[in-house]
Structure formats: C-alpha cells, structure tokens
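Subject: A structure for you to look at

Hello,

Here is the structure I promised to pass on to you. Have a look at it first, and then read on for what turned up in it.

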Amino acid sequence: MMQPLNTLLDLPAQHTAGHRTGITSICSAHPLVIEAALLEAADTSGTVLIEATCNQVNQDGGYTGMNPAGFRDFVLNIAASIGFPAKNILFGGDHLGPNPWRKLPAAEAMEKACVMTAAYAQAGFSKIHLDASMACADDPDPLPATTIAQRAARLAQAAETAASSAGHPMPAYIIGTEVPVPGGAAEELDVLIATTCDDTTETLNLHREAFHAAGLDEAFQRSIGLVVQPGVEFGHANVIHFDNEGAQDLASWRDAQERVVFEAHSTDYQTPQALHQLVSGGFAILKVGPALTFALREAYYALDQIAGELSTDYQAGALRASLEQLMIRKPEYWEDYYRGSETHKHLLRHFSYSDRIRYYWTDPDALKAVEQLFQTLEGVQIPETLVSQYLPQLYRSVALGTASSLGRDLVLANVRTAIAPYTAACQPDNKQALA
C-alpha cells in the first residue's frame, strides 16, 4: 500500500492513465466522526485524510481550542484507542490563509496566516490548501487574482521552510480561489455556475508565475490540486445537486492539462451517483464535513427518543431540549446565519443542512447531556424494532446481526452510512457507486 501522501501526489497521474480514483477528505473535529472515519478506512481503503480548517484550528486555538500539533495528537490518540495505524493517516490543513484575521490590515493578517501555515507544516500536515482569496481590512474587494496568487506563494514558502526544518516530507498543495467560505453559506442557494475553463487556466498560470518568482518551482510541482466550483453546494434547507453535463468542460480541461486534479468542496449531501460522476470527471478530492455531523446529530436524536422508551428515568427529548437551551443562551454560532420566524429559526438550529449545531457538541453542557444519554443506554442492546422506528437505515444490519445495537455503536454506524458513498466513489473505477 502506498503511503497516504504519495497516494495524494499520484492522483493526477492515475487520472491521466485512465484510473478514476479519488480520496475523501474528512473535515470534522468531532471525536466520534473521526473514529467513524478511521473505522471506515480500516475496513476499506486502509488510509484516511483528515483535515482541519483555519477557523477550527490555528495558533490561537481556533474554535476547537487546539493548535495544529494539538489537533494532530487528538486524532492520533483516537487512532491509538482503536488500533488504527498512525502511518495511514494523512493530515490536511484547509483554507489556510488570512481568513481568521481578515478584519485586520493585510500585512498583519498575512503575517498571522504565515505563522499558522508554518505551524500546520511543522506539525506534519502534508496536504495544504492555500486560500488567500479573501480581502483584508485595507484591501480592494474583490482581491485581484494576481495578489491572491502572490499571497498563496508566500504561504507556501512558510510551509516549505517549516516542513523542512521539522524533517517532514515536503507537502502537497491545493490552490484555487473558487472556494466556498469556511463554515458554509449564510443564505439559501438557487443555482451555481461551474467555474469556466478560462478562469481555471488563469488561476493555474498566475500561481505558477507567483511560485516561480518566489523560487518555489519545485513546490509548484507538488501543487496537484485545484479548487474549482463544479456546481455543488448546500444551503440551510436545500442542496444544489451536481449536474454532470454542466461540468464536462472542466473534465475535458483536466484531461488535456493532466498535471492536476480538482478538489471539490461542499460535496455534502450529494447522491452516490453524483459522487461517482465527480470523481470520474477529475474531481478526485471530495471534501465532506457538515453531512457527517448531521448524521451524528440524527443518531443522537434517535437515541434521545429510544432512551425515553427504554427507561422511566429518562425523558425522551432531553438531549434536544438541552441543546436548544444551549443554543439560545449562546447564539454566536447561528444568529448571523439563520433568518425568519422564531419557528423557522428553531427548525434550522436543529435540522439545517449547514448543521451549525455542530459547533456546540464540545460545550460542557452538551457533553453532559450526551453523557447522560449514553449512561442511560450503557450496556443496553437496543431492540431491533426500535432501531427500525428511529434509525431505519441501520435496521437491516442490526436485524441480521452484522452490526451492534449498542447506542454508541449505532452512532458510529450512522456516521459511516454518510461516509460510505464517498468510499465507494473513490475506489478505482468502482461502478458500485452508481447503485
């Protein structure tokens, strides 16, 4: 089996040779999501790509409270607990650039961005997405494409120096400016237009020139991924589904250009067929995040009802009620995103595709509520009839005895049902993804 970084670097050559393979990027900091991803990888490809974003993990702690080295150790500890080999984990840094500090002047924001990018590389993150596309406080808006490329090269230089000094393999880079904002869209979406081939060519050429000017020609050869918009995204209550015909120009461009593959952001909630079509069209890196914590929340809420059926000491819906109180008390993660009536905002807080409830699961009150739920169900083999009622997608495997009916195991299994279509789509020439 190839090492994860080599597997990533080899993707363009694989596609050029006609092998339509890919890799799933797991973008989450929730321990059960990460555990589920590791279990899925152990049973399938053997390797896993886990990414942290600039807002989530940075030198100031991000919203997780972890710096890059801390996040790495967090993941490695989970891997050790289930016996997953650390050498099979590829760590990625997503949207690395000035976004967390964009309200500062550009010089100050970029200095912080370079420190962050270096910290990721120093910690052994070897897939680096360079995203300097956002305007800072004293920048023109939108930012000129040339400036974006020059800033990306500066970030790459920071990563190169840090990786070399730490003795790590030199990183692979993902470039491109057609990216959704970190954290997801803040509005409902109607339609998306795929990136044009002209814009794609310009992006690649500008980055080549900027890297060359910075003396980073060798690093540019490791810039094997290009972020473009294939026409996929999700809002709070709707999903823009992939139109394969609309992305054929990009697929043809990649086949002619050969040296890169595409990275597709916001592929959450796409159909298995769409994921397969994306990989076949050269979108070899599929990023998914909120859909996984959406599946986690589904399982939590199902168990929240099941516990009420099985125990007179547990009030069904207690977990959901606790999260509602928490989100009302601390609205900073959703109030700038959710609009409408109080009823509509309540619905979005719990059930939106953007899944902004994911920011609350590490709050002490949420942890306490989840722990109470698991304590209620500890050691309980949940009857398959209740699995059928509340987690029907898991019923067959539980009924046939091929899956555990313990509460925690059902949560992991439900997250894996969200990962599985990505696994299938990324297998070399796997037609089962169309099933």
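Let's begin with one side chain: that of Gln-56 makes a polar contact with the side chain of Tyr-63, at 3.3 Å. A polar contact here is a pair of N or O atoms within 3.5 Å; within protein, one must be able to donate a hydrogen and the other to accept it, and residues adjacent in sequence count only if both atoms are side-chain atoms.

Before going further, please keep in mind that this is a predicted model, where local features need pLDDT of at least 70 and side-chain atom pairs count only at pLDDT 80 or more, while totals for chains, interfaces and linings use all residues. Residues are numbered from 1 along each chain as its sequence is written, and side-chain values use heavy atoms, with hydrogens and water left out.

Back to Gln-56. You will find Gln-56 in the loop between strand E2 (48–53) and helix H4 (68–82). Helices (H or I, at least four residues) and strands (E, at least two) are DSSP runs, numbered from the N terminus. Gln-56 counts as buried because its relative accessibility is 5%; buried means under 20% relative accessible area, exposed over 50%, and partly exposed in between (1.4 Å probe, protein chains only). Not counting residues up to four places away in sequence, Gln-56 touches Ser-28, Ala-29, Glu-51, Gly-61, Gly-62, Tyr-63, Thr-64 and Met-66, where contact means heavy atoms within 4.5 Å.

Two other loops

Pro-105 sits in the loop between strand E3 (89–96) and helix H5 (106–122). With 37% relative accessibility, Pro-105 counts as partly exposed. Pro-105 and Cys-136 are 31 residues apart along the chain, yet 5.8 Å separates their C-alpha atoms. Leaving aside neighbours within four places in sequence, Pro-105 is in contact with Cys-136, Ala-137 and Asp-138.

Ser-311 belongs to the loop between helix H11 (residues 290–310) and helix H12 (318–329). Its relative accessibility is 16%, so Ser-311 counts as buried. A polar atom of the Ser-311 side chain lies 3.1 Å from the backbone nitrogen of Asp-313.

The barrel

Now for the strands: 8 of them close into a barrel with parallel pairing, in the order E1-E2-E3-E4-E5-E6-E9-E10. Two strands pair if DSSP finds at least two bridges between them.

Strand E1 (residues 23–27) pairs with E10 in the parallel sense over 4 bridges. Within this pairing, Ser-25 stands opposite Lys-287, and Ile-26 has Val-288 as its bridge partner.

Strand E9 (residues 261–264) also pairs with E10 in the parallel sense, over 2 bridges, and Ala-264 stands opposite Leu-286. From E9 the chain crosses through helix H10 (residues 272–280) to E10, in a right-handed β-α-β crossover. Right-handed means that, with the strands pointing away from the viewer, the path from the first strand over the helix to the second runs clockwise. E9 and E6 pair in the parallel sense over 3 bridges, with Val-227 opposite Glu-263 in E9.

The nonpolar cores

Which residues touch the most other members of the largest nonpolar core? They are Tyr-300, Leu-319, Leu-323 and Trp-361, in a core of 122 residues. Helix H11 gives the most to this core, with 12 residues. Apart from it lies another core of 13 residues, including Ile-23, Ile-174, Val-227 and Ile-285. A nonpolar core is a set of buried Ala, Val, Leu, Ile, Met, Phe, Trp, Tyr and Cys residues joined through side-chain atoms within 4.5 Å.

Enjoy exploring!

Best wishes
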